[in-house]
Amino acid sequence: MDISEVKQNLNQVVIYHDSDFGDRKRKLTGCIIRKDKKNKFFYQAEIQDLKAKHSITICSLDRISAMK
């Protein structure tokens, strides 16, 4: 997902592409901006499991995509 798509998909169901378990539906609950050791900014997504509401995953934005 591109950073420009995050705002319109916030609190919406998205597809999380997991290499171990395949594609899973999750709720996009936030976007985090961080700075690495080389002073470059990068974004991460905060996604919530739909069944276990207290389960939060932080992942790269390129591991999620919008529902069609």
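1. Start with Arg 26. Leaving out residues up to four places away in sequence, Arg 26 touches Gln 12, Val 13, Val 14, Tyr 16, Ile 47, Gln 48, Asp 49 and Leu 50. Bear in mind as you look at these contacts that this is a predicted model. Arg 26 sits in strand S2. Is Arg 26 buried or exposed? It counts as buried, because its relative accessibility is 17% and the cut-off for buried is under 20%. So here is an arginine that is on the buried side of the line, with Gln 48 and Asp 49 among the residues it touches.

2. Now the overall picture. Along its principal axes, the C-alpha trace spans about 35 × 25 × 20 Å. Of the 68 residues, 26% are buried. If you look at contacts with a separation of 6 or more, 34% of them come from residues 24 or more positions apart.

3. Look next at how S2 and S3 go together. Strand S2 covers residues 22–35 and is joined to S3 by nine bridges, with the two running antiparallel. Arg 34 is a handy place to check this, as it stands opposite Phe 42 in S3. S2 and S3 make a hairpin with five residues between them, and in the turn Asn 39 has a positive phi of about 60 degrees. Lys 38 belongs to the loop between S2 and S3. Lys 38 is exposed, because its relative accessible area is 71% and the cut-off for exposed is over 50%. How far is Lys 38 from Arg 24 in space? The two are 14 residues apart in sequence and 33 Å apart, C-alpha to C-alpha.

4. Strand S3 (residues 41–49) pairs with S4 in the antiparallel sense over five bridges, and the two form a hairpin with six residues between them. Gln 48 of S3 has Ile 56 in S4 as its bridge partner. A polar atom of the Gln 48 side chain lies 2.5 Å from the backbone oxygen of Lys 53.

5. Stay with Gln 48 for a moment. At a relative accessible area of 15%, Gln 48 is buried. Setting aside neighbours within four places in sequence, Gln 48 is in contact with Arg 26, Lys 27, Thr 29, Lys 53, Ser 55 and Ile 56. The link back to the opening point is Arg 26, whose own contacts include Gln 48.

6. Tyr 43 is also in strand S3. Here the accessibility comes out in between: Tyr 43 is partly exposed, with a relative accessible area of 35%. Not counting residues up to four places away in sequence, Tyr 43 touches Ile 3, Cys 31, Ile 32, Ile 33, Ser 60 and Leu 61. The C-alpha atoms of Tyr 43 and Ser 60 are 6.8 Å apart, although 17 residues separate the two along the chain.

7. Last, the core. In soluble globular proteins, nonpolar side chains tend to be buried together. Which residues make up the largest nonpolar core here? There are ten in all: Met 1, Val 6, Val 14, Tyr 16, Leu 28, Ala 45, Ile 47, Cys 59, Leu 61 and Ile 64. Strand S1 (13–18) and S3 are the elements that give two or more residues to this core.

Key:
Residues numbered from 1 in each chain as written. Predicted model: local features only at pLDDT ≥ 70, side-chain atom pairs only at ≥ 80, totals over all residues. Heavy atoms only, no water. Pairing = 2+ DSSP bridges. Helix = DSSP H or I, 4+ residues; strand = E, 2+ residues; numbered from the N terminus. Buried < 20%, exposed > 50% of the residue type's maximum accessible area, 1.4 Å probe, protein only. Contact = heavy atoms within 4.5 Å. Polar contact = N/O pair within 3.5 Å; in protein donor to acceptor, adjacent residues only side chain to side chain. Core = buried A, V, L, I, M, F, W, Y, C linked by side-chain atoms within 4.5 Å.
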